[in-house]
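Morning, everyone. I'll keep this short: salt bridges first, then the interface. Have a look at the structure while I talk.

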Amino acid sequence: MTGMLEIKNLHASVDGNEILKGIDLTIQPGEVHAIMGPNGSGKSTLARVLAGQEAYEVTAGQVTFEGKDLLEMDPEDRAREGVFMAFQYPVEIPGVGNTYFLKAALNAVRKHRGLQEMDAIEFLKMVRGKMKLVQMDEGLLNRPVNEGFSGGEKKRNEIFHMAVLEPRLCILDETDSGLDIDALRIVADGVNALRAKDRSFLVITHYQRLLNYIVPDYVHVLVDGRFVRSGGKELALELEEKGYSWLEGMAPEHPAAQPVGA
Amino acid sequence: MQTTETSTIEQFAAQDYKFGFVTDVEQETFPPGLNEEVIARLSAKKGEPEWMLEWRLKAYRHWLTMEEPTWANVHYAPIDYQAISYYAAPKPKGSGPKSLEEVDPEILKTYEKLGIPLHERAILAGVAVDAVFDSVSVATTFKEKLAEAGIIFCSFSEAIRNHPELVQEYMGSVVPYSDNYFATLNSAVFSDGSFVYVPKGVRCPMELSTYFRINARNSGQFERTLIIADEGAYVSYLEGCTAPMRDENQLHAAVVELVARKDATIKYSTVQNWYPGDENGKGGIYNFVTKRGKCDGANAKISWTQVETGSAITWKYPSVILKGDHSVGEFYSVALTKGYQQADTGTKMIHIGKDTKSTIVSKGISAGHGQNTYRGSVRILKGADNARNFSQCDSMLIGDQCGAHTFPYIDVQNPTARMEHEATTSKIGEDQIFYCNQRGISTEDAVSMIVNGFCKEVFRELPMEFAVEAQKLLAVNLEGSVG
């Protein structure tokens, strides 16, 4: 059985430095996979390669999403197909209202899927419902995208976007970084509310604590561009106890790690 | 990263000008050249009274003693003022148009193409349009309805004939004939333009609008606009501009004077989309314009809003003289330069009265090889107690071949003044575009969205329907900016 997401022997580099050195990963619909790893191991690079950020060059390997060649698609087409990435550092867009932005995004996605564009009234009604899901303050709806948002508000806004756009694959790029425990719980509650049997998650994190709230089906440990260990949710706990140094020696070769992303 | 950013956004310059068509009408054109005889012929052609000719000649003689200014941050080959024709008009059929029905249908078609509501559409839109085609005012709609309210809205030529006392009182009262090289040239050779007078206590019931179009080859357009809002009056005025595509540069040297008396408000909005030249910088309009308003009484308010997307070179500084106590001056500007366009634009706020207040919001967007300069001057004179100014100058760069420059001049002679100045320069980031892409929004829509967001504070000052137009115009101008 082929997965929703199939990654085979993926190699990627930035500015000529190879960061991902052969990733293999299959994600089935409804599964939650966590990727953990030390700083500079390539976690965020993997997220951004999947989302299609141009600065990351794929040098070898294949990625299919629901049977389609993901790497052939422009970033906006990946999004329209149902790949969503919650950014580690959400970008501010001054002067562009959050609602306006989301409506444009949703309608681009709907158009791609052959659905009618949603009108303003219908949209607002739907959005109100989604706001409750992530405990979003209505004030944030009318403010420019991420402008002047606190760290927690930005992350919550990402989950809110996710709730509105209803993607099939959600990639969370260190969504827990910079969050206090209350904000973390709110974000995790939002994610859990979106879990569904046809929606998969790829949760990238440095710390185990997020996985207390978003309980994964699988945990993969990334060291120096390769997975060195995969297992169930208990692997995260073991890692918490023993630290990354426990696994760092397991990388097949060990050149100086390039700090990227994380 | 740098190279991808450039390659994604660089195609900005290549975008077609959509108003470049030429209208085939019979033109009556003076041969190129400028001397006192040409001015006398021009004045006679328009059936002007003696005092008007005298004024023109006075200006012309002064102009001969002046030198073309070179301080602006723009570069162009010397202009040969003898190679320009100073009068071009559609030839009248019979004795000239008396109503819309008599206007050459070809001209009306031109305005149709431009989307100018001359006929019934105008009523629906509630816009009264005075359309200036090359040198003459072709048709003024809604004259009667406005006349009921006592408002005069007509061509400048008509005002000279029918309201000489108002023209003589106010013409040159804000921009004297000797003001500057281009304004003085305009004073000598201006061909037509719009005239508005709103009497005491009258709120003009509709937006007034002028549409300027340069059609003839080798002709300059020297229009002159004079708007007077008497005590307690209110008027909102919009001008729009386009021109056909021509390889040679054409000169547009206009003068706009605004007079707001006690408690009066004038809101003046411009959407300027003159032909900017081709992608190699050939052709295009030289837009050298003097715009100034005077708050001539307590609580008067003058607000300039401009969206400048066209012209090869723009040189203009819509200004306000804050003479009356508690008077208010505002300047909201969006200037987009792409291709090889150059813009040196900004404002002057001159605080004379007590408790006067001015606001400046300037948004410059540069793409391609465009060069965008903000030049502003805020002067607080000795008697201007408690004057306040807020200035904000933001520049946005798209690609790495363009430039943004800011020259704020501040002169404070009264210690009670409060001044605030903010300036930012940003680059449309690949990260912003990628963020939009990741939500399903195409790069082209993303650029348009980001730029419109950047300009929001200015667009919200425009009358609703023109704000929509301005957004569309920016989007059209941004087309092809991304690949």
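Which residue forms a salt bridge with B:Arg292? In this predicted model, the partner is B:Asp179, with the closest N and O atoms 2.8 Å apart. B:Arg292 sits in strand 13 of chain B, residues 284–296, while B:Asp179 is in the loop between helix 8 and helix 9, so the pair ties together parts that are 113 residues apart in sequence. Buried or exposed? B:Arg292 is buried, at 10% relative accessible area. B:Asp179 is partly exposed, at 28%.

Stay on strand 13 of chain B, which also holds B:Asp296. The B:Asp296 side chain meets that of B:Lys323 in a salt bridge, 3.2 Å from N to O. B:Lys323 lies in the loop between strand 16 and strand 17, and the two residues are 27 apart. Accessibility next. B:Asp296 is partly exposed, with 24% relative accessibility. B:Lys323 is partly exposed too, at 42%.

Third pair. B:Asp344 forms a salt bridge with B:Arg375, and here the closest N and O atoms are 2.7 Å apart. This one runs from strand 18 to strand 20 of chain B, so it ties together parts 31 residues apart in sequence. B:Asp344 is buried, at 0% relative accessibility. B:Arg375 is buried as well, at 9%. Over in chain A, salt bridges with shared partners join A:Glu66, A:Arg168 and A:Asp198 into one network. Over all chains, the structure holds 26 salt bridges.

Now the interface. How many residues of chain A are in contact with chain B? The count is 32, and they meet 21 residues of chain B. The two chains bury about 2100 Å² between them, with 64% of that on carbon and sulfur atoms. On the chain A side, A:Glu54, A:Val91 and A:Phe101 lose the most area to chain B, together 23% of what that side buries.

What about charge across the interface? The rule finds one salt bridge there. A:Glu158 pairs with B:Arg439, the closest N and O atoms being 2.5 Å apart.

By class, the side of chain A that touches chain B has 21 nonpolar, five polar and six charged residues.

Key. Residues are numbered from 1 along each chain as its sequence is written. Chains are lettered from A and ligands numbered from 1 in the order in which they are written. This is a predicted model: local features need pLDDT of at least 70, side-chain atom pairs count only at pLDDT 80 or more; totals for chains, interfaces and linings use all residues. Side-chain values use heavy atoms; hydrogens and water are left out. Contact means heavy atoms within 4.5 Å. Buried area is the accessible area (1.4 Å probe) that two parts lose on being put together, summed over both. A salt bridge is a side-chain nitrogen of Lys or Arg within 4 Å of a carboxyl oxygen of Asp or Glu. Ala, Val, Leu, Ile, Met, Phe, Trp, Tyr, Cys and Pro count as nonpolar, Asp, Glu, Lys and Arg as charged, and the others, Gly among them, as polar. Helices (H or I, at least four residues) and strands (E, at least two) are DSSP runs, numbered from the N terminus. Buried means under 20% relative accessible area, exposed over 50%, partly exposed in between (1.4 Å probe, protein chains only).
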